[in-house]
Amino acid sequence: MDLLGRIADDLELGLNDDVRTLVRQAIDARLSASTILNDGLLAGMAVVGRRFKAHEIFLPDVLLAARAMHAGLELLEPFLASEDVRPRGTVILGTVAGDQHDIGKTLVGIMLRGAGYEVVDLGIDVDPETFVDAALEHRASIIGLSALLTTTMPAMGVVVRHVKERQLAGKIQTLVGGAPVTREFALEIGADAYAYDAASAVETVEALMDSRRC
Amino acid sequence: MRECLELAPDAIEVDQASVVQRLGSSRTNCENGLFQESFTAAQGFLAATARPRCVVQTVDLATFAGLYDGEGSNDRDTPLEVILERSEALALFVLTLGQTITDTIRRLFSEHDYLVAALLDGMASLVAESLVESLETRFGRHIAECDGKSTTPAVLAYSPGYCGWHVSGQRALFSVLKPNEIGVSLGAGCMMRPLKSVSGVLVAGEPEIHDFDPGYSCCSGCDTLECRARIARVTGPVCAKREVAWICSDG
Ligand code: B12
Ligand code: SF4
């Protein structure tokens with residue numbers, strides 16, 4: 001099997017040390033960084049994503065694979081920058097003001113990175129303005145908002161309003177999620193999209209990005 | 001009665017199958033060596049960073065009925081209202097695992113140790129939930145001792161944010177309980193800090209008082225039917241009692 005195929009396979013198995021070694025070999029063999037990224041790391045993560053959705057593998061497997069992806073990416077990053085390889089898009093993520101819960105949005109971020117997006121994770125208890133400022137600073141087209149409690153969910157509406165008040169609707173889209181959040185709530189506050197879990201968040205981000213390209 | 005309790009870290013136990021299930025896996029036993037390595041690492045972090053503490057305080061029915069209404073946001077009908085009428089004794093509680101465990105989970109995620117971090121998060125949530133069950137057992141025993149009875153009443157915990165009791169009800173609960181000694185505070189969005197904390201009321205009485213049909217307004221959109229398993233815990237043939245060695249920390 002070729003080097004790129006082995007990278008993809010080892011990544012699927014979560015073998016981060018092996019992935020790191022193979023990526024180093026691929027760099028030494030003068031394969032381009034974009035080839036290593038797309039045909040090695042992202043190809044492996046795409047299989048992981050498909051198998052996760054089909055319930056053939058589970059979150060622990062995905063998280064091991066994501067760690068292996070990071071191990072490879074770390075080596076590759078300087079080369080990607082010098083080749084001017086751009087991510088598929090940039091997503092700002094954070095838990096809304098007043099809310100401390102972060103594992104949900106952290107998992108969404110891991111899955112999005114695995115699908116080739118750049119993710120700027122602002123952490124927890126994030127002010128509405130900070131979301132919008134970060135989206136402008138990082139030229140992100142999507143803001144992903146997370147909340148754990150019904151009492152912190154209204155802060156999502158405030159972010160959506162800020163986007164509109166700053167005349168950024170259409171340029172910046174909002175995606176909401178979290179245990180108590182529903183599709184109806186997303187509609188009610190005027191968010192652009194809702195996703196139930198991390199796997200569907202990736203699909204939804206893809207759909208939002210596609211809708212911008214048309 | 002008001003007591004502050006803490007738990008020795010070596011008294012904390014987690015069951016691998018439940019943790020794996022918590023992570024959404026239908027496989028309850030992972031043979032994968034990397035998984036086992038991560039599980040053992042997470043167990044080590046759990047023992048080193050969880051610091052379970054709680055405050056429990058008895059309240060009379062009138063006081064509780066006042067605070068149960070909270071800010072008037074409860075559903076129009078709730079199972080707890082009916083249960084309360086037939087209860088024998090009530091105690092407010094707040095329980096926490098402390099801030100260090102949450103800081104550790106965040107650090108592990110930022111260091112890309114994703115699986116260890118997620119396992120530790122799942123373990124922490126399970127431990128918090130199971131320690132609430134241990135408070136139920138302890139409160140039941142306390143009442144039996146006070147009343148000089150040989151049988152213990154059936155105790156279940158009910159929490160704001162569940163089954164029609166609005167999550168904003170925590171403000172009234174905190175105003176009475178004031179769990180400052182264990183370092184838990186309530187933010188503007190009704191979220192407790194540290195994150196791995198649970199608040200609620202322990203309700204003691206005959207097992208039947210906890211039994212009801214899920215026909216309340218909150219039940220129509222409920223896909224967990226969690227009350228069924230909880231009711232079975234006190235009305236079923238085998239009453240599973242969770243015992244852990246809490247230590248009084250307030251002298
Ligand atoms: C485990 C748990 C706990 C644990 C840990 C909490 C924590 N945050 O770490 C403990 C036991 C401590 C706890 C406590 C409480 N809990 Co709790 N808890 C849960 C439970 C069972 C799972 C939450 C979880 O960690 N899930 C795992 C993570 C990975 O999932 P997630 O965060 O939902 O994220 C996924 C999706 O939502 C989505 N997602 C998340 N963010 C985003 C963002 C974007 C952009 C997108 C697209 C998607 C997305 O993708 C993620 C990955 O798949 C839920 C019920 C449930 N089934 O969800 C209740 C739940 C969240 N809890 C609830 C409540 C009420 C509480 C308490 C207030 C109870 C109390 N009075 O003590 C406290 C509050 C704690 C606090 N600090 O203030 C309610 C909240 C509803 C409400 N009424 O507001 C829930 C929904 C249960 C219910 N009643 O149905 N809880
Ligand atoms: S059906 Fe759901 S909402 Fe209704 S009491 Fe049971 S657990 Fe609560």
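By class, the shell around ligand 2 holds eight nonpolar residues, one charged residue and no polar ones, where Ala, Val, Leu, Ile, Met, Phe, Trp, Tyr, Cys and Pro count as nonpolar, Asp, Glu, Lys and Arg as charged, and the others, Gly among them, as polar. Its members are Cys163(B), Phe212(B), Pro214(B), Cys218(B), Cys219(B), Cys222(B), Leu225(B), Glu226(B) and Cys227(B); a residue belongs to such a shell if one of its heavy atoms lies within 4 Å of the ligand.

Before going on, a word on how to read this predicted model: local features need pLDDT of at least 70 and side-chain atom pairs count only at pLDDT 80 or more, while totals for chains, interfaces and linings use all residues. Residues are numbered from 1 along each chain as its sequence is written, chains are lettered from A and ligands numbered from 1 in the order in which they are written, and side-chain values use heavy atoms, with hydrogens and water left out.

Now turn to ligand 1, which is surrounded by 39 residues, the closest being His101(A), Ser146(A), Met192(B), Lys196(B) and Ser199(B). Because residues from chains A and B surround ligand 1, the site is shared between chains. By class, this shell has 21 nonpolar, 13 polar and five charged residues.

Helix 5 of chain A gives the largest share of the shell, five residues; helices (H or I, at least four residues) are DSSP runs, numbered from the N terminus.

Finally, follow the two chains to where they meet. Here 27 residues of chain A are in contact (heavy atoms within 4.5 Å) with 26 residues of chain B. The buried area, meaning the accessible area (1.4 Å probe) that the two parts lose on being put together, summed over both, is about 2,300 Å², and carbon and sulfur atoms give 69% of it. Two salt bridges cross this interface, each a side-chain nitrogen of Lys or Arg within 4 Å of a carboxyl oxygen of Asp or Glu. In one salt bridge, the side chains of Arg106(B) and Asp102(A) meet at 2.5 Å, N to O.

Technical notes. Helices (H or I, at least four residues) and strands (E, at least two) are DSSP runs, numbered from the N terminus.
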